[in-house]
Amino acid sequence: MAEMWISMGPQHPMTHGLWTLKVKVDGETVVDTIPDLGYIHRGVEKICESRDFTKITTYCDRLCYASANTWAHSYIYAAEDLLGVEVPERAEYIRVIAVELQRIASHLIWLGAFCPDIGNLTAFVWCLREREMMMDLLQELGGSRMHYNFPRIGGVKRDLPIGFAMRARAKLNLFLNRIQETEQMLDESTVFLVRTQGVGYAKPEEMVNWGVTGPNVRAGGVNYDVRWAHPYSVYDELDWNVSVERPSIKGADSYDRYRVRVDEMRESAKMCLDALDKMPGGAETHYTEGDPMILGKSKQRAEEGQTGFHHFEDSRGESMFYLAGGGEQRGKHPYRISIRSPMFLTIPYAAKCMIGYKIADIPAIMGSFDPCIGETDR
Amino acid sequence: MEDIFTVREWVGELTQFIADNTIGKTSLSDYSELTANVMTESIMAVTVFGTIMGTILALLWIERKFFARIMDRRGATMALRSLWVGEGGEHVDWYDDLPFGTGKPIRWLNGFLNDTAGNASEYETVHRTKDRGYHGVWWMLPGLIQNVADGMKFMTKEWMVPAKADKFIFEVAPFIIITSTVMIFAFIPLSSNIFAANPELSLIFMMAIFGIAPLGVFFAGWSSNNKYTLLGGIRSAAQLTAYEIPLLVTVLSVAVIAGSFNIIEIAEFQMTSGVWNIFLLPLGAALFLTTMVAEVERIPFDMPEAEAELVEGWWTEYGGMRWGLMFASEYLRSYAACLLFAIFFLGGWEMPFGDSIVGIIPNQDLILGAIGAGLLGLAIGLRSEYPALLAPAPLVLMSVVPPTAWLLMKAWLMFAVFVWIRASLHRIRSDQILEFGWRWLLPLSLVNLAMAFWLRISVWQGGEWPLLIPVLITAIALILFVILGIDEDTSELEGRTRPYSVYTESKGPASPRSHE
């Protein structure tokens, strides 16, 4: 068969969002790929320039539909850096719990979407069943099931509800039991192994050069986790391990990326349980020292030329917000805001990884990189 | 076991009687026998097709419900329950608002349902609705009418042909697929007396017809003028070369054992010789199951319609009732595969433990039936307040179950296995099925054929099988299954460069700062 171009997307089951992957195929073999992004560019960075610092959180929630909480926290840490706000320790613990629960939910929906990509619907429903427990817990915190708007500059929206720790412990322990079941179904199935092992090799040095971060690069044996390398919040006080895969010489394949995410879910659950134990008592969940009116004094706090940023370990990699204050001129609004999206850098590399494999491997490779187009296009 | 339901003879007598008393009394009396024969054949064909088409709903229902059970998800039962139990276990008394007391019967029904499966029963409803492991009550047969709704939706949809498609081939392809699928059932007997046609070489004829539909798939994929359908059609043709030869060789082994190419004789040989083929050719049964899953294009062998990468594969451009009928023919092919498995390997329409396995006990039907019915009655008696005196009742029922019902039940059981396979496996790649087919299925099917020859020529002495042979073969097969099924040695795997399971490493302390 002659070579031909197939345009997969913007509406295609493989895309997990709204983008196009142009694939040049020779029979069943992929010869060339061109990713085409930008279908849902909403100009979040520009919109945020006309919102005051507290209202930006809602927009950051909407950057990623699968992992809203981590993006809101990512912004909040950068804003706190710019405005020079210190957060009570209890609020930091609550934030860690919220973020790690969201990470589990995000990885679960990734696993749930990855398995139908290679033909199994059962794991999808099982993962959504477990994600439901995380959703219930996050709903207790933020009051919503998708866009929580939970963190505030200087703290969190509210303290943990009564009985939250008890319910969270029960559900996380149940989750730790149930994830084994899904894992067994996948790991002991030869069909799953032959579909994921040996496809989509990604070399660690190439991934570092391309700027791939998060579970994808940790699957390649690169021990880089922002929570570990540049600890923020209370991550260095908690008992947890970085999930790093031992890749083969060729690099990390789809199976490595699957393993590292499953292990990361387990570590996140253990981290939540540990945080619930170590959390200090009291009701201080918001910035009280100094000026309580953060927004009112933001003109003085965010002077012209002053910048704030924060590296944050998102579910998909290292996200970063870069804020520039405008002083008197801009008032309560930031002068400029810039977002580093991990998937924007990962998707072109993932498209490159597909060359040389079969058409049937495209979902198996693309799905394993966990694309989220909401944050990619911003 | 004597088949007391000699339906074909009854119909023959009836039509002969009708013909004799109508045409036979006119000047056309020479044709009365011919008329009676035509009528008999028509009635039998309609009976077979009616049975198949009517019972295919069971297949769809099994697919829905068994799949939902495995996936542990809420189904139509939960939606139905919302009629009498609202969100969070609240009662919804909507029927009280109906005028003129028309809601009274509904109120009565609601009360009954609440007592048996609602708040008032032994478990709390709130827990049930929150716990997704609970699926409601099976006896409501929820989801059965969904297929009718689907069918009506297909019928009302517009039929569109893509502008640049090869219109003639595009229109012809569904007809090839659907007609060849329906024709399979002409040669599948539902019992020794209920069949549409019974030529001498029905097995060869039927397997030939079974292989026509992939050709239609290829036509459909090529003519749609779409890259996805093209790839799907070519995948279908490539897949055909992988599974068709092992399938035919496996079917040949069944024919060798029975010494006949006639499907009815193959089934009856299992009854007369006393052993089902699955106990003689367990390898053949496994091969037949694998290749049949590939033949009917279900997961893990559904590459031609791989929805993740090829949107919907070869039938992307089809819509309306043609799509609906092709989808129905997909299930009909699955049904045919299940029926064939039951006929070739599970003794056809014979009652389980009827004559085959235990040939030494006199009146074994009665004794085994009594034991089974006694256990059933005991179970019922333990479960509820029914007196155990009712225990012999199922005995009577069991002895009068028609052979066709046994066959259908075996086929449904096989379909449950199909659903199980679909729920637990992933889709493999085209090159992988080619490798699997040529390197594993074909040599194994030849081994199986050799085994069938050996059994037929050297072991079988006419009459019944010596019981030692099937017992020995089954034991060896089970031992091999267990040995191959248990996990690999994990400590050995760790030493390899590319083990099955790569373990995640825990690198150092939680953070560099905690050292300070």
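Reader: Which residue in E8(A) is the bridge partner of A:Asp314?
Author: In E8(A), A:Asp314 has A:Gly317 as its bridge partner. Before going on: this is a predicted model, where local features need pLDDT of at least 70, side-chain atom pairs count only at pLDDT 80 or more, and totals for chains, interfaces and linings use all residues. Residues are numbered from 1 along each chain as its sequence is written, chains are lettered from A and ligands numbered from 1 in the order in which they are written, and side-chain values use heavy atoms, with hydrogens and water left out.

Reader: How many bridges join E7(A) to E8(A)?
Author: Eight bridges link E7(A) with E8(A), residues 317-325, and the two run antiparallel. Two strands count as paired if DSSP finds at least two bridges between them.

Reader: What order do the strands of that sheet have?
Author: The order is E7-E8-E9 in chain A, an open sheet of three strands with antiparallel pairing.

Reader: Why is one side of E7 and of E9 in chain A left without a neighbour in the sheet?
Author: Strand E7 (307-314) and strand E9 (334-340) of chain A are at the edges with a single partner strand each, so one side of each has no neighbour in the sheet. Neighbouring strands here are turned by 15° against each other on average, direction ignored. Axes are lines fitted to C-alpha atoms, for helices over the stretch in contact, and angles run from 0 to 180 degrees between N-to-C directions.

Reader: Which helix packs on this sheet?
Author: Helix H3 (residues 68-83) of chain A does, touching E7, E8 and E9 of chain A, and its direction makes about 150° with that of E7(A). Contact means heavy atoms within 4.5 Å. Helix H14 (residues 342-353) of chain A also lies across E7, E8 and E9 of chain A, at about 135° to E8(A).

Reader: Where else does H14(A) pack?
Author: First, the other sheet: an open one of three strands, ordered E1-E2-E3 in chain A, with antiparallel pairing. Its edge strands are E1 (3-8) and E3 (29-36) of chain A, each pairing on one side only. H14(A) packs on this sheet, touching E2 and E3 of chain A, with its direction at about 165° to that of E3(A).

Reader: New topic. How many cavities of 30 Å³ or more are there?
Author: Three. On a 1 Å grid over the protein atoms alone, a cavity is a set of points where a 1.4 Å probe fits but cannot get out, while a pocket is an open set with protein on both sides within 12 Å along at least five of seven lines; lining residues have an atom within 4 Å of a point. Grid points are joined across faces, edges and corners, and a volume is the space filled by probe spheres set on the points.

Reader: What volume does the largest cavity have?
Author: About 100 Å³. Its lining has 13 residues, and B:Ala213, B:Val217, B:Glu297, B:Glu330 and B:Arg333 lie nearest its centre. H14(B) gives the largest share of that lining, four residues.

Reader: And what volume has the second largest pocket?
Author: About 1,200 Å³. It is lined by 42 residues, with B:Leu60, B:Glu63, B:Trp323, B:Phe327 and B:Tyr331 closest to its centre. H14(B) supplies the largest share of this lining, 11 residues.
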